[in-house]
Amino acid sequence: MSERRTGWLLVVVLVCQLVILSLQAPAAGAGGNFLESVVLRVLAPLTRAVALATGGVSWVAEGFTRQRRLVAENRELRARVEALELDLTQLRGVEADLEQLASDLDYQVPPGGRPRPADIVYIDHASWLRTLVVYVGDGAVERNQPVVAAAGLVGRVVLVAPPYAKVQLITDRTAAVGAMIERTRRQGVVGSGADGLELDYLPRQADVRPGDRVITSGIDGIYPRGIPVGTVASVEPADELFYRIRLDPAIDFGLLDRVYILSRPPLPEPLRHPGAG
Amino acid sequence: MRVTRFLAALALVVLAHALGLRLIPGFSQAVDLFLVLVVLNALNGNSATALLGGLAVGVAQDALTGGLFGLYGCADTIIGYGAARASQRLVIERATGVLPLAAVASVVQQAIVVGLATVMLPDPHLPAPIWLAVRAATSGLLGVIAYSAAGWWRNSSDRRRRRRRDRLQMD
């Protein structure tokens, strides 16, 4: 092919890609298109093979110290299970009271969402463009379903390419989570700043201090209320009106091994954006 | 045959990248194996195949990264074409000649990705400059290693073929 034709080919390819980029830009992070889905379906099995292989190698390498470690871990887990069962009994009582109150007031309690486990096959949480790919198997997964771990919120599903799904982490540049200070119920928006997670739009008169737990507020139509997001690390004035609040995430993304997808369907698009028609 | 070899190389890069991330969480900040493949594919000077190769590699890299789909597709397409045009004008006889080409390609690629992200995303929080420099250096080094390894593999394949031919002729 002559250089002139190659030059034209370059222009055509670049224009097509810029069009694809432009179509995504207004809804950055909400994305996912057919080509991305197809490519992910081709590449994800390779990353899954690596995940399985490295898991197997770690298992063999730890074999020599496994028994001693397992005995200690067993003892610790028994104690934790006992404590959790106690909490569960108390929470069941609270749930029964809540249902009774809801029934008396004729109020329908919103569903919390059943968690479905998903294995992580690829995670890049440190680089500038962060992502997580999970293996969901045969189960149905929808875009915008919340993804959590035992310790707290991980992100949401942005692309479904069965049997895999791509997850936008809450530390992603384009992610935003409706959140609130657990102690005071003061609401704000958690996003990714230059130095990590930040809680934005808290006015200077708000009562907030380091150590406060931040949980999801449930008002963004995606994440149910009450999932831990992080802990307030520092509070500084950003300007005359608002604070600059840095958070320590509830999740250590470097130690994530398995996540759970909540099956609660998200709010329908017209209700999330009423003015969009 | 050439396409098969390229796709096999891409699969190998994906495996190595995934393995690297498993072992070192910050692997993708410091190392870009996809770019090394784009540059090596462009060294034969054919700008059409280099451009298309860059597109394929960029699309694969986009599928495995967050943010907008197409950032690396755009960047690697330009890098593939640019590297091929540079190869037409430069004579790269030694592996060390690949180092500056891959390092410059890395800097240009990151400039394109950052530029596009700045335009397309609200408040993109750009990567720290130190990592741009580290990536350029590692890309250069890996390019040298991969070029040397490819050359060694080609030479040993040729030797094996010659030996087989000589044996057949003797028989």
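Me: What order do the elements of chain B run in, from the N terminus on?
Reply: They go α-α-α-α-α-α-α. Bear in mind throughout that this is a predicted model.

Me: How many helices and how many strands does that make for chain B?
Reply: Seven helices and zero strands. The C-alpha atoms of chain B fill a box of roughly 70 × 40 × 25 Å along the principal axes.

Me: What share of chain B counts as buried, and what does the word rest on?
Reply: Of its 171 residues, 50% count as buried. A residue gets that label if its relative accessible area is under 20%.

Me: Over to chain A. Why is A:S192 called buried?
Reply: Its relative accessibility is 9%, and the cut-off is under 20%, so A:S192 counts as buried. Its place is in strand 7, residues 187–193 of chain A.

Me: What makes the pair A:S192 and A:T171 a polar contact?
Reply: A polar atom of the A:S192 side chain lies 3.0 Å from the backbone oxygen of A:T171.

Me: Where is A:S58 relative to A:S192?
Reply: The two are 134 residues apart along the chain, and their C-alpha atoms are separated by 33 Å.

Me: How do you know that strand 9 and strand 10 of chain A pair?
Reply: Three bridges join strand 9 (residues 213–216) to strand 10 (residues 228–237). Pairing takes at least two bridges, so these strands pair, and they run antiparallel. Within strand 10, A:G230 stands opposite A:V214.

Me: What joins strand 10 to strand 11 in chain A?
Reply: Seven bridges, again against a requirement of at least two. Strand 11 covers residues 243–249, and the two strands run antiparallel. A:G230 stands opposite A:P249 here. Strand 10 and strand 11 form a hairpin, with five residues between them.

Me: Which peptide bond is cis, and where does its second residue sit?
Reply: The bond from A:P162 to A:P163, with omega near 5°. A:P163 is found in the loop between strand 4 (153–161) and strand 5 (164–169) of chain A.

Me: What is phi of A:N144, and why is this residue called buried?
Reply: Phi is near 75°, a positive value in a residue other than glycine. A:N144 has a relative accessible area of 7%; buried means under 20%, so the label applies. The residue is found in the loop between strand 2 (131–135) and strand 3 (146–148) of chain A.

Me: Is A:Y201 buried or exposed, and how do you know?
Reply: Exposed: its relative accessibility is 55%, and the cut-off is over 50%, so A:Y201 counts as exposed. Phi of A:Y201 is near 65°, a positive value in a residue other than glycine. You'll find A:Y201 in the loop between strand 8 (196–200) and strand 9 of chain A.

How values were computed
Residues are numbered from 1 along each chain as its sequence is written. Chains are lettered from A and ligands numbered from 1 in the order in which they are written. This is a predicted model: local features need pLDDT of at least 70, side-chain atom pairs count only at pLDDT 80 or more; totals for chains, interfaces and linings use all residues. Side-chain values use heavy atoms; hydrogens and water are left out. Helices (H or I, at least four residues) and strands (E, at least two) are DSSP runs, numbered from the N terminus. Buried means under 20% relative accessible area, exposed over 50%, partly exposed in between (1.4 Å probe, protein chains only). A polar contact is a pair of N or O atoms within 3.5 Å; within protein, one must be able to donate a hydrogen and the other to accept it, and residues adjacent in sequence count only if both atoms are side-chain atoms.
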